[in-house]
Amino acid sequence: MQTEQNELIKRRLEELEEIKKLGVNPYPHNFKVTSNSKQIIDNFKDPETEEEKEKQKENIVSIAGRITAIRRMGKATFCHIKDDKGRIQVYVKQEEVGELSYKILKLLDIGDIIGIEGYPFRTKTGEITVHSVQMQLLSKSIYPLPVVKEEITETGEKIIHDAFADIELRYRQRYIDLIVNDNVRDTFIKRTKIIKSIRNTLEKYNFLEVETPTLQTIYGGANAKPFITRHNALGLQLYLRISNELFLKRLIVGGFNRVFEFVKDFRNEGIDRTHNPEFTQVEWYQAYADYFDSMNLFEEVIENAVLELYDTTKVNYQGTELDFKRPWKRIKMIDAIKEKTGLDVIKMKRTEILEYLKSNNIEFDNKIANRKGLLIDILFEETCKEDLIQPTFVLDHPIDTTPLCKPLRTYTLQQLEEMKKDEEEIILVERFEPYINKWEIGNSYTELNDPILQRKLLEEQVQRGRGGEEDTHPMDYDFIRAIEVGMPPTTGVGIGIDRVVMLLTNSYNIRDVILFPLMKPH
RNA sequence: GGGGAUGUAGCUCAGGGGUAGAGCACCUGCCUUUUAAGCAGGGAGUCGAAGGUUCGAUUCCUUCCAUCCUCACCA
């Protein structure tokens with residue numbers, strides 16, 4: 001659409017000129033607001049006598065908002081204006097606001113922002129309305145908004161006409177989406193409340209909120225493809241973080257015993273309904289604690305957020321009732337597989353698992369065919385994940401799935417040494433993943449703090465990368481040094497905020513919980 | 001990247017080989033308690049883009065672009 005050529009825009013530009021000719025600044029600098037739509041409606045009391053009615057006229061409020069509907073009736077006009085707290089009807093009579101103001105009003109459109117001084121009253125049809133004694137244009141809109149009309153039928157059913165529903169436009173022009181669609185507004189308010197609640201719970205337990213770099217010279221803390229960028233002055237290749245894990249652990253080494261950070265992570269991978277290239281996580285790290293402590297805190301953090309929003313632990317997501325009440329179900333990955341398939345993967349040979357995967361048409365990257373632990377992980381994902389609807393912790397993954405996690409405490413040092421020599425032996429680590437509605441919504445470890453093993457595991461990752469495996473963890477010698485300096489026993493957690501918000505706001509697509517999701521330019 | 005669907009007025013949509021339709025929005029007029037306000041009249045479109053077939057394409061074909069769904073990829 002060519003802005004200059006659009007008839008509606010042209011018309012509005014003409015109106016703008018007319019307003020200026022009347023000596024009125026269409027973009028004044030300020031307006032004193034003393035109330036809002038919700039407050040007025042909540043505080044309104046119907047007068048019981050004529051005397052009271054007259055008295056109410058002295059109760060002048062000042063509100064401002066955007067015009068969302070206009071009904072002109074000659075020398076009087078009704079509009080609905082929308083402010084930060086909701087919507088309210090305004091009644092303007094020429095006789096009362098004066099001829100100039102009424103002339104201006106005639107030049108106004110849906111989308112314009114006005115200030116109103118007046119007194120609340122109830123109309124014949126029963127709507128609480130501000131009877132305007134003064135009206136001021138605060139900002140003239142020249143780009144036409146979609147006009148959404150609501151009809152409330154006799155049965156009380158709400159019908160929305162001409163909703164602004166084009167998904168692409170809604171994402172690309174979120175400012176319009178927010179003006180027009182109340183449920184969108186509501187979702188993002190809830191998003192903020194969820195983040196605030198998580199922060200509150202962590203602060204209650206004396207976690208310190210910190211900030212770590214987004215631009216990193218070595219990325220790490222997860223297995224993912226990074227975005228690559230460049231610092232000109234230093235002539236340096238940099239990465240946008242895929243995780244902040246290694247920095248938060250450095251802080252644990254540095255003596256902050258409890259830290260957390262809300263971060264944008266960036267992963268250069270596919271986009272779908274649960275993945276956006278930039279997404280939000282909160283990670284926290286706690287010294288002198290293990291993954292059992294993390295499970296407890298995880299449940300509490302999420303349950304608190306749900307309670308904060310809904311005063312109940314039950315939430316409907318796309319027709320499924322999810323109950324976030326603590327304690328959540330806990331199941332070991334190995335047991336989940338056994339329950340579902342009858343297979344005892346610990347006893348099985350690698351080749352037997354391979355055979356099972358193939359005969360069940362489960363696809364996987366051939367490069368990992370010789371890694372028994374990763375095959376088990378795939379087997380789990382393909383067979384068990386679909387049943388994980390209610391909040392469930394899946395525990396104790398094979399060590400091959402991560403180089404940053406500590407083996408189970410049940411192994412003796414000697415056992416571990418022997419297991420490492422035998423490729424058929426599966427070392428399990430103290431890791432858990434919380435699943436809700438089949439989605440991983442986080443990750444947690446009893447963190448590896450043995451510098452010798454840490455170095456060895458990262459070196460293996462590098463070897464695997466050279467062998468052609470994708471998304472292996474890069475070497476970070478400074479991180480190794482930090483662990484060598486000595487990290488106390490520690491546990492850490494990451495939560496995918498976007499997915500949690502999706503679940504708690506009944507949002508189908510991750511883009512519905514990200515204000516400005518990535519869109520290709522036209 | 002594979003498969004499926006969609007793209008027509010500011011918004012929501014219908015239509016269909018012969019040059020474009022509705023409701024709302026917009027414009028003009030009437031209207032001082034309306035509320036999907038009403039009544040009367042009017043204007044508005046490169047039919048996503050580019051090629052091709054055809055006397056003629058918004059419609060059929062091809063390619064491209066964008067979006068959604070789905071699969072693959074993504075601890």
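On the α10 side, the residues in contact are Ile302, Val306, Leu309 and Tyr310, and they meet Val500, Leu504 and Thr505 of α17. Sorted by class, that contact has 6 nonpolar residues, 1 polar and no charged ones. Keep in mind that this is a predicted model.

Now the geometry. Helix α10 covers residues 291-310 and helix α17 covers residues 497-505. The two pack at an angle of about 40°, with their axes 11 Å apart. That angle makes α10 oblique to α17. The crossing of the two helices is right-handed.

Next, the rings. How many aromatic pairs does the structure hold? There are 15. One of them joins phenylalanine 298 and phenylalanine 393: the ring centres are 5.9 Å apart and the planes are at 85°, so this pair is edge-to-face. Phenylalanine 298 sits in helix α10 and phenylalanine 393 in strand β17, residues 392-398, so to speak a link between distant parts of the chain, 95 residues apart.

Is phenylalanine 298 buried or exposed? Its relative accessible area is 0%, so it is buried. Phenylalanine 393, also listed at 0% relative accessibility, counts as buried.

Phenylalanine 393 has a further partner, phenylalanine 432, again edge-to-face, at 4.8 Å centre to centre and 75° between the planes. Phenylalanine 432 lies in strand β18, residues 428-436, and is 39 residues from phenylalanine 393 in the chain. At 0% relative accessibility, phenylalanine 432 counts as buried.

Finally, the cluster: ring pairs link Phe298, Phe393 and Phe432 with Phe207, Trp284, Phe324 and Trp328.

Definitions and conventions: Residues are numbered from 1 along each chain as its sequence is written. Chains are lettered from A and ligands numbered from 1 in the order in which they are written. This is a predicted model: local features need pLDDT of at least 70, side-chain atom pairs count only at pLDDT 80 or more; totals for chains, interfaces and linings use all residues. Side-chain values use heavy atoms; hydrogens and water are left out. Axes are lines fitted to C-alpha atoms, for helices over the stretch in contact, and angles run from 0 to 180 degrees between N-to-C directions. Helices (H or I, at least four residues) and strands (E, at least two) are DSSP runs, numbered from the N terminus. Angles under 35 degrees count as roughly parallel, over 145 as roughly antiparallel, 65 to 115 as roughly perpendicular and the rest as oblique. A crossing is left-handed if the near helix is turned anticlockwise from the far one by less than a right angle, and right-handed if clockwise. Contact means heavy atoms within 4.5 Å. Ala, Val, Leu, Ile, Met, Phe, Trp, Tyr, Cys and Pro count as nonpolar, Asp, Glu, Lys and Arg as charged, and the others, Gly among them, as polar. Rings of Phe, Tyr and Trp (its six-membered ring) pair if their centres lie within 6.5 Å; planes under 30 degrees apart count as stacked, over 60 as edge-to-face and the rest as tilted. Buried means under 20% relative accessible area, exposed over 50%, partly exposed in between (1.4 Å probe, protein chains only).
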